[in-house]
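Me: I would like to go through this structure and ask, for each label, what value stands behind it. Please set each value against its cut-off.

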Amino acid sequence: MVLLISFDIDGTLETGNGPGPITLEMVRRALALGHVIGSCSDRPVQDQQAMWTAAGIEPSFTVLKHKLDTVKAQFTEVEAYYHIGDTELDQHYARLSAFEFEQVQTMEPHVWMLNDQGEADWGPNGRGMLRAPSATTLGLSVPQPEAWG
Ligand SMILES: [Mg+2]
């Protein structure tokens, strides 16, 4: 089963700022298994490409977060589309583009994430804490400083 896997970078990949749980070794394994991989991030596309070049990995796509739908249109010969990320924005754009969203802090590891011992070796900081949804996302109004006192 060929998957298309889109990675957020910061907070998701070990090369992110901060470093996320998904290691380059996992990404290489996904490639070796024949999956289509790339990045979908707020970072400029050039920056994304430089990251992959430094890692010696050739991604099939590098797009800005709101362009995830163009990836789906470009790759039609895959069986499932995943976007892996760490924030609500990732979830938002994944849903908008009809990708499966995987929250990197809580997801069940995919097969390509497992080493020869069948374990997921998460990145240097482990999986970290799941951030609570922001007040804005929850539809709460946040008092502005000028409204105080
Ligand atoms: Mg992120």
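Reply: One definition comes before the metal site: donors are N, O and S atoms within 2.8 Å of the metal. The model is predicted, and the donors of its magnesium ion follow the spacing D-x1-D-x75-D along the chain.

Me: What makes D8, D10 and D86 donors of the magnesium ion?

Reply: The magnesium ion is coordinated by D8 (OD), D10 (O) and D86 (OD) at 2.1 to 2.2 Å. The cut-off is 2.8 Å, so these atoms count as donors. Water is not among the atoms, so the site may look incomplete.

Me: Why can D8 and D86 be said to tie together separate parts of the chain?

Reply: D8 sits in the loop between β1 (3-7) and α1 (24-32), and D86 in the loop between β4 (80-85) and α4, so the pair joins parts that are 78 residues apart in sequence. Both D8 and D86 are buried.

Me: Why is D90 called buried?

Reply: Buried means under 20% relative accessible area. D90 has 0% relative accessibility, so D90 counts as buried. Its place is in helix α4 (residues 88-96).

Me: How do you know that the side chains of D90 and H83 make a polar contact?

Reply: The distance for this pair is 2.8 Å. A polar contact needs a pair of N or O atoms within 3.5 Å, one able to donate a hydrogen and the other to accept it, so the pair qualifies. Beyond four places in sequence, D90 is in contact with D8, K65, H83, G85 and F101; D8 is also one of the residues that coordinate the magnesium ion.

Me: What makes one side of α2 a buried face?

Reply: The buried residues of helix α2 (residues 45-55) are Q48, M51, W52 and A55. Seen down the axis of α2, they fall within an arc of 95 degrees, so they line one face of the helix. The face turned away from the buried side carries the exposed residues Q46, T53 and A54. After α2 comes G56, with a positive phi near 70 degrees.

Me: What does the side chain of Q48 reach, and at what distance?

Reply: A polar atom of the Q48 side chain lies 3.0 Å from the backbone oxygen of V63. The side chain also reaches the backbone oxygen of S41 at 3.5 Å, and the limit is stated as within 3.5 Å. Q48 has a relative accessible area of 0% and is therefore buried. Among the residues Q48 touches, leaving out those up to four places away in sequence, are I9, S39, T62 and L64.

Me: Why is the pair of F7 and W112 called edge-to-face?

Reply: The ring centres of F7 and W112 are 5.7 Å apart and the angle between the planes is 90 degrees. Rings pair if their centres lie within 6.5 Å, and planes over 60 degrees apart count as edge-to-face, so the label applies. F7 lies in strand β1 and W112 in the segment after β5 (100-103), so the pair ties together parts that are 105 residues apart in sequence. F7 is buried at 0% relative accessibility, and W112 is buried at 1%.

Me: Why is the pair of F61 and F75 called tilted?

Reply: The ring centres of F61 and F75 are 5.9 Å apart with their planes at 50 degrees, so the pair is tilted. F61 lies in strand β3 and F75 in the loop between α3 (68-74) and β4, so the pair links parts that are 14 residues apart in sequence.

Me: What makes F75 buried?

Reply: F75 has a relative accessible area of 18%. The cut-off is under 20%, so F75 is buried. F61, at 4% relative accessibility, also counts as buried.

Terms used
Residues numbered from 1 in each chain as written. Predicted model: local features only at pLDDT ≥ 70, side-chain atom pairs only at ≥ 80, totals over all residues. Heavy atoms only, no water. Helix = DSSP H or I, 4+ residues; strand = E, 2+ residues; numbered from the N terminus. Buried < 20%, exposed > 50% of the residue type's maximum accessible area, 1.4 Å probe, protein only. Contact = heavy atoms within 4.5 Å. Donors = N, O, S within 2.8 Å, 3.2 Å for Na, K, Ca; no water. Arc of directions from axis to C-beta. Phe/Tyr/Trp six-rings, centres within 6.5 Å; stacked < 30°, edge-to-face > 60°.
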